[in-house]
Number of protein chains: 2
Amino acid sequence: MSRLRWGLLSTARINERIIDAVHRSDRSELVAVASRDAQRAKAYAERHDSPSSYGTYEELANSSEVDAVYISLPNHLHAEWAVRLCEAGKHVLCEKPLTLSLVNVDRMAQAAQEAGVVLQEASATRFHRQTSDIAQIVSSGRLGRIVFCHATFEFTLPAVADIRLNTDMGGGAMWDVGCYPVAFFQAVLRENPISAYARAVIGPTGIDLAFSGFLGYESGTAVQFTVSMATPMARSARIVGELGSLELDQPWLTNMGAPTTVRQQLMRSAAGAGTFGDDPDQLEVSTWDYGPSDVYFDEVRGFEELVLDGAQSPCTLSDSRMNVQVIMALHEAARTGREVSIGSPSPAYGQP
Amino acid sequence: MSRLRWGLLSTARINERIIDAVHRSDRSELVAVASRDAQRAKAYAERHDSPSSYGTYEELANSSEVDAVYISLPNHLHAEWAVRLCEAGKHVLCEKPLTLSLVNVDRMAQAAQEAGVVLQEASATRFHRQTSDIAQIVSSGRLGRIVFCHATFEFTLPAVADIRLNTDMGGGAMWDVGCYPVAFFQAVLRENPISAYARAVIGPTGIDLAFSGFLGYESGTAVQFTVSMATPMARSARIVGELGSLELDQPWLTNMGAPTTVRQQLMRSAAGAGTFGDDPDQLEVSTWDYGPSDVYFDEVRGFEELVLDGAQSPCTLSDSRMNVQVIMALHEAARTGREVSIGSPSPAYGQP
């Protein structure tokens, strides 16, 4: 196979970013769209230059025209359809969060393994070079031992009828955007958290409109973050070690087409950067840019490499499983007002 | 009395900021310095234009030349000397944290009340107009309900022999700089936290070199902060409401002589600032500056107003008591790995 023939499962708004990336890539093409409504599927296919359309998800799963399916269904439907598609021999790129329970991650992973297909969480941030560069800086020891991390991903959801306000569908700020900091710090710290603490602001529909999380690590690192669907837009990440720090203005890279900047501060001497009120010149400050980000293009290109070239995933199913485990612990912490222990990771899944 | 005659109890480094402010003010003058070493006291007095010097703290307490004493002793000695000075009829400005236990706050407050003198915690940040302006914006409702707050106060302590590394003397990052965010959010939120959670990085001497705190409020507000004596210098504060946010580049105002900036983001419409990836123009951004800060001058001027004009304190002894209560709860949380309930505030103390 030298080209991936893509099908889209659902007509969600997020599709447009993937469609654009598929159209731009010379190793991918859009061939089919499925919706529960045949008319809507047809109109959507025409609008987005897709030759085929299906009025049921089953038809997409059974189509011999399709190699890979992008799942952008509501969170609570990811597992069922990922399993069905894997069983039908399709490679699957599934929107984050992969699913809402560990049992479902295991079912999905097993289905992919048995069918010998690639199942990949659409953890777009992890396919961009910025993320792997940060992970490299942290593991190089340049910043010293990591003491603090902090991140924000906050926005305001205008539509009251949005599915992200529905508890039964895996709604809430933590599942929707909280998965970004959880996956990011897993990627850059290369260490699993051992404890979770949290507080949530619960909205009228019973979901968390705003969520403050706190993750503890065996090494002593402490991660604090806030995510929200009910406050003004804000995005940031900060990683602080004993010898230096990094600040990212766009850690999630979801600001399509805008450049991203990393700011690094390093101590000039190991003796320390002075006591408070002292000269900030004792810190060596540098910044670098990544140019206009298109993380969805990176994600599609990355998926092509997984399927067509047999590359290693930057975000394995074991990573995705740990993300689900951490988010569940955070939710339990918010519900109980207690620190919750995060269990050990599962043994690594086999990957095709 | 139209002028305050000041004595200094100790020759700590922080004195220099107060001495400078006293010299600049036309309602204050420096008249005496006390050290446990008469020679050192004398040399220090000469160097700082102080007419008198004493080789014991007792002599300063008993001096009829002195109206007010600035205590810059190590934290564990604050209570003993504040009580002695109040009993001797001196007004007292005592470095933060006021003391290390609630019993001692109560002893100090009682001594001040019985002697009819002013006892004031040197919570310098609270005497600057920036802090009261922020409190005013928050209480005006302009930002909507406050959802998140976050702050940092981090620096590197180069000297291993520093008293701030001594457990018995009330050392550690939380007592030394953690009192800034605790006092600040108390001032601007005008609500006492009800729960504390924390993790600390404990250094070889047994004190917290780095401390991550999390305070919960009845209203749903969540405050996260990090303080440190073992990472590069960083200072920030952020207050996020449903309708807008504020960012302060110098919330603690301890960067002598540098201007400070507040950045405000407000939503253009109550309908929301859009979903993620949307146009940042939907936020109305404004900034304002306070010009070069000199918060120690503000503190000295504020103390003059308390003593000479009978003004109300922006940080009462009840506020100081709540700060101690919150810091103790945070320490307990760090020690136990559990959320700790913060008790009710004490009834307000009488103020002279």
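## The interface between the chains

Buried area is the accessible area, taken with a 1.4 Å probe, that two parts lose on being put together, summed over both. In this predicted model, chain B and chain A bury about 4800 Å² between them. Carbon and sulfur atoms carry 60% of that area. On the residue count, chain B brings 64 residues to the contact and chain A brings 65.

Polar pairing is part of the picture too. Between chain B and chain A there are 11 residue pairs in polar contact, both residues being at pLDDT 80 or more. Several elements of chain B each supply at least two residues of its side that touches chain A: β7, α7, β8 (195-202), β9, β10, β11, β12 and β13 (259-267). Of these, β11(B) gives the largest share, with nine residues.

## How the two copies are related

Two copies of a chain are related by a rotation about an axis and a shift along it. Here, a rotation of 180° with 0.0 Å of shift along its axis places chain B on chain A, with an RMSD of 0.0 Å. This is the relation of a two-fold axis.

Which surface does each copy use to meet the other? Of the interface residues of chain B, 100% are also interface residues in chain A, so the copies meet through the same surface.

## Salt bridges

How many salt bridges does a search of the whole structure find? Over all chains, the total is 32. Across the interface of chain B and chain A, the rule finds four.

One pair to look at is R199(B) with E339(A), whose side chains meet in a salt bridge at 3.9 Å, N to O. A salt bridge here needs a side-chain nitrogen of Lys or Arg within 4 Å of a carboxyl oxygen of Asp or Glu, so the 3.9 Å between the closest N and O atoms of this pair falls within the cut-off. The pair crosses between chains: E339(A) sits in the loop between α9 (317-336) and β15 (340-341) of chain A, while R199(B) belongs to strand β8 of chain B.

## The nine-stranded sheet of chain B

Strands of a sheet pair through backbone hydrogen bonds, either parallel or antiparallel. In chain B, nine strands form an open sheet with mixed pairing, in the order β14-β13-β12-β11-β7-β10-β9-β8-β15. At its edges stand β14 (283-292) and β15 (340-341) of chain B, each of which pairs on one side only.

Within this sheet, β7 (residues 146-156) and β11 (residues 230-241) of chain B pair in the antiparallel sense over nine bridges. Helix α7 (residues 173-189) of chain B lies across β7, β9 (208-216), β10 (222-228), β11 and β12 (244-248) of chain B. The helix runs at about 150° to β10(B).

## The six-stranded sheet of chain A

Chain A has an open sheet of six strands in the order β3-β2-β1-β4-β5-β6, and the pairing is parallel. Strands β3 (52-54) and β6 (119-122) of chain A are at the edges with a single partner strand each, so one side of each is left without a neighbour in the sheet. From one strand to the next, the twist averages 25°.

Inside this sheet, β4 (residues 68-71) and β5 (residues 91-95) of chain A run parallel and are joined by four bridges. Among the residues involved, Y70(A) has L93(A) as its bridge partner in β5(A).

## Backbone details worth a look

Most residues other than glycine have a negative phi, and most peptide bonds are trans. Where does the chain depart from this? In chain A, the peptide bond from K96(A) to P97(A) is cis, with omega near -10°, and P97(A) is in the loop between β5 and α5 (102-115) of chain A. In chain B, the peptide bond from K96(B) to P97(B) is also cis, with omega near -15°; P97(B) is in the loop between β5 (91-95) and α5 (102-115) of chain B.

R190(A) is not a glycine, yet has a positive phi of about 55°. R190(A) is placed in the loop between α7 (173-189) and β8 (195-202) of chain A.

Technical notes: Residues are numbered from 1 along each chain as its sequence is written. Chains are lettered from A and ligands numbered from 1 in the order in which they are written. This is a predicted model: local features need pLDDT of at least 70, side-chain atom pairs count only at pLDDT 80 or more; totals for chains, interfaces and linings use all residues. Side-chain values use heavy atoms; hydrogens and water are left out. Two strands pair if DSSP finds at least two bridges between them. Contact means heavy atoms within 4.5 Å. Axes are lines fitted to C-alpha atoms, for helices over the stretch in contact, and angles run from 0 to 180 degrees between N-to-C directions. Copies are superposed by least squares on the C-alpha atoms of residues with pLDDT of at least 70 in both. A polar contact is a pair of N or O atoms within 3.5 Å; within protein, one must be able to donate a hydrogen and the other to accept it, and residues adjacent in sequence count only if both atoms are side-chain atoms.
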